[in-house]
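Subject: Structure for your review

Dear colleague,

Please find the structure below, followed by an account of what was found in it. I would be grateful if you read the two side by side.

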Amino acid sequence: LAAPIPHRRVLLKLSGEALMGDDAYGINRETIEAMVGEIASVVELGVELAIVIGGGNIFRGMAGGATGMDRATADYMGMLATVMNSLALQDALRQKGVVARVQSALKIEQVVEPYIRPKALRYLEEGKVVIFAAGTGNPFFTTDTAAALRGAEMGVEVVLKATKVDGVYTADPMKDPGATRYQRISFDEAIGRNLKVMDATAFALCRDQKLPIRVFSIFKEGALLRAVRGEDEGTLVHV
Ligand code: UDP
């Protein structure tokens, strides 16, 4: 059997919660270091890597809105939370000797450079990791949608969605012990079966752009590297 061909350029979506580890809030040092180790192994492979990181470990617009706060304002706070995570990730990568640049969808130029597509593309070509902060820059969206959007703009071959669950299941594996994991599933089948892979906007964008999504566990050692190598890891959602 021929070895799978590694991807050339990928986008990794990390949820903010992935940085929390076992903590209830914020960024856990050991967790981020372990994650950076996995990312470094991918960079060593020569694969071009773009990252979108969430902010749920610090603030979510929905939660703010639920307390009676203006939803759009709360969403801007959520976007700022992703900037904090992006800076933490960039710094942790730097400590591992991995060069990364942060580009923000919101202008906060004393802190990070703004998103400029051709510049981001050049960084990737130079082998630098590019971290896209502040989501799409718009309230009422999510970082999943930012991942689909930036993934399409960067012309990546796959969106790698790192989550707490190691793939897409027939039912919620936390509630249904009989649930089984799909190795592969088409966009149409996932819609038909009402399976939640990403939020609806992100999912529709990936489907329209024929951009496959691989869902895998952030906690499984070596899973990111296997996913990047195009090996069978988690679930592949394909066109
Ligand atoms: N957010 C937003 N627009 C975007 C991306 C994110 O308003 O394009 C806000 C939104 O309030 C969201 C928060 O930022 O709740 C954090 O992002 P997300 O919930 O996607 O993070 P994750 O769940 O991946 O940690």
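UniProt positions are given in the numbering used here, feature names are shortened, and annotations may be inferred rather than shown by experiment. Residues are numbered from 1 along each chain as its sequence is written. The model is predicted: local features need pLDDT of at least 70, side-chain atom pairs count only at pLDDT 80 or more, and totals for chains, interfaces and linings use all residues.

Annotated site

According to the unreviewed UniProt entry, the annotation "binding site" covers Gly-55, Asp-75, Thr-136, Gly-137, Asn-138, Pro-139, Phe-140, Phe-141, Thr-142 and Thr-143. These positions span 89 residues in sequence, yet no two of their C-alpha atoms are more than 14.2 Å apart, so they gather at one spot.

Two of the annotated residues may be described in detail. Asp-75 is found in helix H3 (residues 71–95); helices (H or I, at least four residues) and strands (E, at least two) are DSSP runs, numbered from the N terminus. Asp-75 is buried, with 23 other C-beta atoms within 10 Å. A residue is called buried if 20 or more other C-beta atoms lie within 10 Å of its own, exposed if 12 or fewer, and partly exposed in between, with C-beta atoms placed from the backbone. Neighbours within four places in sequence aside, Asp-75 is in contact (C-beta atoms, placed from the backbone, within 7 Å) with Gly-61, Pro-139 and Phe-140.

Phe-141 lies in the loop between strand S5 (129–133) and helix H5 (143–154). Phe-141 counts as buried, because it has 20 C-beta neighbours inside 10 Å. Residues up to four places away in sequence not counted, Phe-141 touches Gly-135, Thr-136, Ala-146 and Thr-201.

Ligand shell

The ligand is surrounded by 24 residues, the closest being Gly-54, Gly-56, Gly-61, Gly-78 and Gly-135; a residue is near a molecule or strand if its C-beta atom, placed from the backbone, lies within 6 Å of it. Helix H2 (61–66), H3 and H5 each supply at least two residues of this shell, and the largest share, five residues, comes from H3.

Strands pair if DSSP finds at least two bridges between them. S6 pairs in the parallel sense over five bridges with strand S1 (residues 9–14), where Leu-11 has Val-159 as its bridge partner. S6 also pairs in the parallel sense over five bridges with strand S8 (residues 213–217), in which Ser-217 is the bridge partner of Thr-163.

The largest nonpolar core has 71 residues, of which Ile-51, Ile-131, Val-159 and Leu-160 touch the most other members. H3 gives the most to this core, with seven residues. Such a core is a set of buried Ala, Val, Leu, Ile, Met, Phe, Trp, Tyr and Cys residues joined through C-beta atoms within 7 Å.

Helix H8

Val-228 is placed in helix H8 (residues 223–228) and is buried, with 26 other C-beta atoms within 10 Å. The C-alpha atoms of Val-228 and Pro-6 are separated by 6.0 Å, although the two are 222 residues apart along the chain.

Yours sincerely

Definitions and conventions
Two residues are in contact if their C-beta atoms, placed from the backbone, lie within 7 Å.
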